[in-house]
Amino acid sequence: MIEQITYHNQLLALIVPKKFDQPGIHFFTPNELSQQLAYMRHPIGKVIEPHVHNPVLRKVQYTQEVLFIKRGKLRVDFYNDQQQYLESRVLEAGDVILLVTGGHGFEVLEEIEMLEVKQGPYVGEQDKTRFSGIASEQVKIVELS
């Protein structure tokens, strides 16, 4: 039910559709990714022991983003590292996407409300290289499974 978008064995993105619903804890990302994504569902009374996170020096090479779609529809266009268009997906309210590698662009199809989570600190335009994307009439939308 989790969709992995790959190109030549390179993980571009993970999509958790709104219909994902399994008890327990499910990590979707491998341990080496600098952004971890998990789904958790617990019954009433479940106790998660109090804890603190220890200071651990981590090296982050690329910014990875998580988008939580609260309302509306968003088309996500995927590109390889050479900025060549690959394919697109349409996300709706309740869907979550982790953008891992490669390029990506967006078009809002219905007024959108979403949350974005990514590593910091933010370094402005040094963080990204902008390029011309695919025209709307040329997109190849792959339906979410």
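Predicted model: local features only at pLDDT ≥ 70, side-chain atom pairs only at ≥ 80, totals over all residues.
Figure 1. The phi angle of Asn9 is near 65°, a positive value in a residue other than glycine. Asn9 counts as exposed because its relative accessibility is 81%, and exposed means over 50%. His8 belongs to the loop between β1 (3–7) and β2 as well. His8, also not a glycine, has a positive phi of about 50°. With a relative accessibility of 65%, His8 is likewise counted as exposed.

Figure 2. Thr29 is placed in the loop between β3 (24–27) and β4 (38–41). Is this residue, Thr29, buried or exposed? Thr29 counts as buried because its relative accessibility is 7%, and buried means under 20%. The side chain of Thr29 makes a polar contact of 3.0 Å with the side chain of Gln36. A polar atom of the Thr29 side chain also lies 3.1 Å from the backbone nitrogen of Leu37. When neighbours within four places in sequence are left aside, Thr29 is in contact with Leu14, Gln35, Gln36, Leu37 and Leu98.

**Figure 3. Aromatic pairs.** A search of the whole structure finds four aromatic pairs. One of them joins Phe20 and Phe28 in an edge-to-face arrangement, at 5.3 Å centre to centre and with 90° between the planes. Phe20 and Phe28 are both buried. Another aromatic pair, formed by Tyr79 and Tyr85, is edge-to-face, with 5.7 Å centre to centre and 70° between the planes. Tyr79 has a relative accessible area of 4% and is therefore buried, the limit being under 20%. Phe20, Phe28 and Tyr39 are linked into a cluster by ring pairs.

Figure 4. In soluble globular proteins, nonpolar side chains tend to be buried together. The largest nonpolar core has 13 residues, of which Ile5, Ala13, Val76, Phe78, Leu91, Ile97 and Leu99 touch the most other members. At least two residues of this core are supplied by each of β2 (10–16), β5 (65–79), β6 and β7 (96–99). Which strand provides the largest share of this core? That share, five residues, comes from β5. Not counting residues up to four places away in sequence, Ile97 touches Ala13, Leu14, Ile15, Glu65, Val66, Leu67, Val76, Phe78 and Leu91. A second, separate core consists of eleven residues, including Leu11, Leu33, Leu37 and Val96.

**Figure 5. Ser88 in strand β6.** Ser88 is found in strand β6, which spans residues 85–92. At 0% relative accessibility, Ser88 is counted as buried. The side chains of Ser88 and Asp77 are joined by a polar contact of 2.5 Å. Which residues does Ser88 touch, not counting those up to four places away in sequence? They are Arg75, Val76, Asp77, Phe78, Val139, Lys140, Ile141 and Val142.

**Figure 6. The largest pocket and its lining.** Rolling a probe the size of a water molecule over the atoms shows where empty space is left. The largest pocket holds about 1000 Å³ of space. It is lined by 35 residues, and those closest to the centre of the pocket are Gly102, His104, Asp127, Lys128 and Thr129. β5 and β8 are the elements that give two or more residues to the lining of the largest pocket. Of the elements, β8 gives the most to this lining, with six residues.

**Figure 7. The segment after β8, with Pro121 and Glu137.** Pro121 is found in the segment after β8. The peptide bond that runs from Gly120 to Pro121 is cis, with omega near 0°. Glu137 also lies in the segment after β8 (103–118). Glu137 is exposed, because its relative accessible area is 70% and the limit is over 50%. How far apart are the C-alpha atoms of Glu137 and Phe68, and what is the separation of these residues along the chain? The C-alpha atoms are separated by 26 Å, and Glu137 and Phe68 are 69 residues apart along the chain.

Definitions and conventions
Residues numbered from 1 in each chain as written. Heavy atoms only, no water. Phe/Tyr/Trp six-rings, centres within 6.5 Å; stacked < 30°, edge-to-face > 60°. Buried < 20%, exposed > 50% of the residue type's maximum accessible area, 1.4 Å probe, protein only. Helix = DSSP H or I, 4+ residues; strand = E, 2+ residues; numbered from the N terminus. Polar contact = N/O pair within 3.5 Å; in protein donor to acceptor, adjacent residues only side chain to side chain. Contact = heavy atoms within 4.5 Å. Core = buried A, V, L, I, M, F, W, Y, C linked by side-chain atoms within 4.5 Å. 1 Å grid on protein atoms, 1.4 Å probe; cavity = no way out; pocket = protein on both sides within 12 Å on 5 of 7 lines; lining within 4 Å. Points joined across faces, edges and corners; volume = space filled by probe spheres on them.
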